[in-house]
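Here's a quick briefing to read with the structure open beside you. Take a look at the model, then work through the points below.

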Amino acid sequence: MPLSEHEQRLLDQMERALYAEDPKFATALEGTGLRTYTRRRVYLSAAGFVVGVALLMGGLIVTPQLIWLSVIGFLVMLGCALVAVAGWRKHPVVGPGAGLRAAPPARRKAGVMDRMEQRWQRRRDEHDGL
């Protein structure tokens, strides 16, 4: 449930007061640990993906008898790609007070028809203004 305008202003005032009074504590509440953990997870997944490519190629090129090595390399690549994409999508918002604020309400993506209507309305408004 989103905050009312008055509640949002009070929350902003409290955040500013917290930053003015104790910036170290406010920074600790931002969630930088989670952001660092997520970034590290994505980097390790990328490195694991490269290892998976090496296993896949090694199994196919160097020793064709070891087809199971290629299968393991493919599975490592797939797993690391899934972990990296999941970590990237859950990447927290960066900025002062990001960990203290309530999440914004989910917005509906504009469809093709909605965008076309918006363009048409802009053109009509521009034409009426001339």
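**A contact to start with**

The backbone nitrogen of Leu 60 sits 3.2 Å from a polar atom in the side chain of Ser 70. Keep in mind that what you're looking at is a predicted model. Let's see where Ser 70 belongs, then tour a few other spots.

**The overall layout**

- The protein chain has 5 helices and 0 strands.
- Follow the sequence along and you get the pattern α-α-α-α-α.
- How much of the protein chain is made up of buried residues? Of its 130 residues, 15% are buried.

**Around helix α4**

- Ser 70, the residue whose side chain comes 3.2 Å from the backbone nitrogen of Leu 60, is part of helix α4.
- Is Ser 70 buried or exposed? It counts as buried, because its relative accessibility is 5% and the cut-off for buried is under 20%.
- Ile 72 is also in helix α4, which covers residues 67-89.
- With a relative accessible area of 38%, Ile 72 is partly exposed.
- Ile 72 and Gly 52 are 20 residues apart in sequence, and in space their C-alpha atoms are 7.6 Å apart.

- Side chains with opposite charges can pair when their charged atoms come close.
- How many salt bridges does a search of the whole structure find? The search turns up 1.
- Arg 9 and Glu 5 form a salt bridge through their side chains, with 3.8 Å from N to O.
- Why are Arg 9 and Glu 5 separated by about one helical turn? It's because they are 4 residues apart in helix α1, which runs over residues 5-21.
- Glu 5 is exposed, at 64% relative accessibility, while Arg 9 is partly exposed, with a relative accessible area of 46%.

**A positive patch on the surface**

- Which residues gather in a patch of positive charge on the surface? They are Arg 115, Arg 119, Arg 122 and Arg 123.
- Arg 123, one of that group, is found in helix α5, residues 112-129.
- Arg 123 is classed as exposed because its relative accessible area is 55%, and the cut-off for exposed is over 50%.

Methods: Residues are numbered from 1 along each chain as its sequence is written. This is a predicted model: local features need pLDDT of at least 70, side-chain atom pairs count only at pLDDT 80 or more; totals for chains, interfaces and linings use all residues. Side-chain values use heavy atoms; hydrogens and water are left out. Patches are made of residues with over 30% relative accessible area and no salt bridge: like charges are joined within 9 Å, nonpolar side chains (Val, Leu, Ile, Met, Phe, Trp, Tyr) within 5 Å. Accessible areas come from the Shrake-Rupley method with a 1.4 Å probe; for residues, only the protein chains shown count as cover. A salt bridge is a side-chain nitrogen of Lys or Arg within 4 Å of a carboxyl oxygen of Asp or Glu. Lys and Arg count as positive and Asp and Glu as negative; His and the chain ends are not counted. The place of a charge is taken as NZ of Lys, CZ of Arg, CG of Asp or CD of Glu. Helices (H or I, at least four residues) and strands (E, at least two) are DSSP runs, numbered from the N terminus. Buried means under 20% relative accessible area, exposed over 50%, partly exposed in between (1.4 Å probe, protein chains only). A polar contact is a pair of N or O atoms within 3.5 Å; within protein, one must be able to donate a hydrogen and the other to accept it, and residues adjacent in sequence count only if both atoms are side-chain atoms.
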